[in-house]
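User: I am new to reading structures. Please walk me through this one.

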2 protein chains.
Amino acid sequence: MSEFDLINSLREIICARPGDEAAQSVVGIGDDGAVLSVPSGRELVVCTDTLVAGVHFPLPTRPDAIGYKALAVNLSDLAAMGAQPAWFFMALTLPFDNPDWIESFAGGMAKLASDAAVELAGGDVTSGPLSITVTALGLVAKGQSLLRSTAVAGDLVVVSGRPGAAAYALKRLQEGSQPGTADLAALNFPVPRLALGRMLPGLATACIDISDGLAADLGHILEQSGVGAVIDLDTLPCPDSLRSMAGSERWPLQLAGGDDYELCFTVPAGSKTELMELSVAAGVELTIIGEITPGREMEFKTADGKSYRPAMAGYRHFENPGNGEK
Amino acid sequence: MSEFDLINSLREIICARPGDEAAQSVVGIGDDGAVLSVPSGRELVVCTDTLVAGVHFPLPTRPDAIGYKALAVNLSDLAAMGAQPAWFFMALTLPFDNPDWIESFAGGMAKLASDAAVELAGGDVTSGPLSITVTALGLVAKGQSLLRSTAVAGDLVVVSGRPGAAAYALKRLQEGSQPGTADLAALNFPVPRLALGRMLPGLATACIDISDGLAADLGHILEQSGVGAVIDLDTLPCPDSLRSMAGSERWPLQLAGGDDYELCFTVPAGSKTELMELSVAAGVELTIIGEITPGREMEFKTADGKSYRPAMAGYRHFENPGNGEK
């Protein structure tokens, strides 16, 4: 299959268009670059993330999950900025020329592109060790993007969904045992919190998506906002499969496991009613897990006074190559 | 070196800002995504290209050349669209943690980013086999981007510079001999034709950059415009190092070698004066090498009636992995 046949095949399978009709691709795939029209009053949000085989996913991962996830991790970043996805670009490096693999890969990506109404507007296909870099472009009303640097003391710390399932699935795979269906879906087909992200501007004071683990990612908010936090470990929302575990077994998965793609955000104290309404409107479980403090410390405590310090695995990709974490 | 130290190091070294003051990054590196403000009346041009070690460049290539070229190949695509570069994003996958290598790599990229006035607005650093994906964003006046699909019969075919030097340098490296200085510079530090590209809207009818070889890339214009071309081999502008070669030795390098990053474009018949003025204004040699024809054939002929059919290596990345060509 030539590069051009391959690109045409991808283009045919991944054919979603932007949900926002004002976001037009004037020229899509097939020229030296895409030409895009950004509606007035909107700012562009751009993020890029790479998945490398054997580093970010185990080598035998099913191809539709790889295609889905390469897009999902980027849409999750757009959600964390409060942006609506419009377009994406994919640089695909493949070690083989396997039409079945490519069709499955593209099918997984197409499913999410269609759900999220985001257009594949260009890319590059090269031969080499398997890796996928997606660059996603979204739109947000001018001045409304959600940052990491704007949390203030007294804010409530909120998490969407139930972190920990993806890390538990990965742990079981690494141990050679079969994860439960829900946990494996959390690992392979994480749902970017796009509806929630779009509804957060105006309420959230700061936001991040949880790719490196709740503790590491909350840590970015604290560091960039110059604040601290106290997290109540008893309130951490727990996936069913982790419910019977002791805290010492469960907390590392929930706080340092990563690959959750939930949103962690802060809201002003006194926003509990708005949070409940938001949870219903976005169709996502939202849990207050702690509070922003004026200090610089991040503390994890239980009601009976136990404290816990998670390993910050997410900070150290470079020293842990091949561990399957992102 | 942690991912964060590495990103900070790259950010410190690569610190250029957009030349167009209306093109603002509201939020740059350090959040889930960058927030960019696209000036009104302008369209966004986006392109992405990956360089893989051992595929697009020989493994022992100096790191500053790799950093330079990863950006250059993308800026060349922006030039071919008539766009002015504003921002770029870099996904860097590294198999090692070598501060000297990284500093040299970033230095090469910083030099070009500064020359081209383009801002590194975000990226991702992962561990894995060496590869670099750059996504570059440029701006063009609404409706003014240069396409491949708009050449018409009777147009003149023009090429900038003197294609062939990069391919000759690569050939010598592959043979184990030392290329000349100018040829090696053409391979390692190609100059994207940004000034020329920005001056082409209004004159050029179609444009492409020569990454896969003049014949293959002109072929894209012909295919997408539904036309043919006759190229006069005697007019091909020749790098000094190729001047003493017979045509049969020189033409494959000039027409199918690739990695030139010159622009090939078409202009209406009767634009010779405008072309001469443009050559002076952009500071680039421009040569008329042939004419667009109503048929679908691409013919290469000499004045004394010889014809030549170049191999289209550029069309077949996938069947020639590891050949060092792009």
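User: How are H4(B) and H5(B) oriented to each other?

Analyst: Start with the general idea. Two packed helices are described by the angle between their axes and the distance between the axes. In this predicted model, local features need pLDDT of at least 70, side-chain atom pairs count only at pLDDT 80 or more, and totals for chains, interfaces and linings use all residues. Residues are numbered from 1 along each chain as its sequence is written, while chains are lettered from A and ligands numbered from 1 in the order in which they are written. Now the case. The axes of H4(B) (residues 165-175) and H5(B) (residues 181-188) come within 7 Å and cross at roughly 100 degrees. H4(B) and H5(B) are therefore roughly perpendicular (65 to 115 degrees). Axes are lines fitted to C-alpha atoms, for helices over the stretch in contact, and angles run from 0 to 180 degrees between N-to-C directions. Helices are DSSP runs of H or I with at least four residues, and strands are runs of E with at least two, numbered from the N terminus.

User: Which residues make the contact of H4(B) with H5(B)?

Analyst: Contact means that C-beta atoms, placed from the backbone, lie within 7 Å. H4(B) brings Ala165(B), Ala166(B), Tyr168(B), Ala169(B) and Leu170(B). H5(B) brings Ala182(B), Asp183(B), Leu184(B), Ala186(B) and Leu187(B). By class, there are nine nonpolar, no polar and one charged residues. Here Ala, Val, Leu, Ile, Met, Phe, Trp, Tyr, Cys and Pro count as nonpolar, Asp, Glu, Lys and Arg as charged, and the others, Gly among them, as polar.

User: How is chain B related to chain A?

Analyst: Two copies of a chain are related by a rotation about an axis and a shift along it. Here, a rotation of 180 degrees with 0.0 Å of shift superposes chain B on chain A, with RMSD 0.0 Å. The same surface serves both copies: 100% of the contact residues of chain B recur in chain A.

User: How many residues does each chain give to the contact?

Analyst: Chain B gives 55 residues and chain A gives 55 residues. On the side of chain B, the largest share is nine residues, from strand S3 (residues 42-52). That side divides into 27 nonpolar, 17 polar and eleven charged residues.

User: What follows H3(B)?

Analyst: Ala117(B) does, and its phi is positive, near 55 degrees.

Conventions:
Copies are superposed by least squares on the C-alpha atoms of residues with pLDDT of at least 70 in both. Two residues are in contact if their C-beta atoms, placed from the backbone, lie within 7 Å. Angles under 35 degrees count as roughly parallel, over 145 as roughly antiparallel, 65 to 115 as roughly perpendicular and the rest as oblique.
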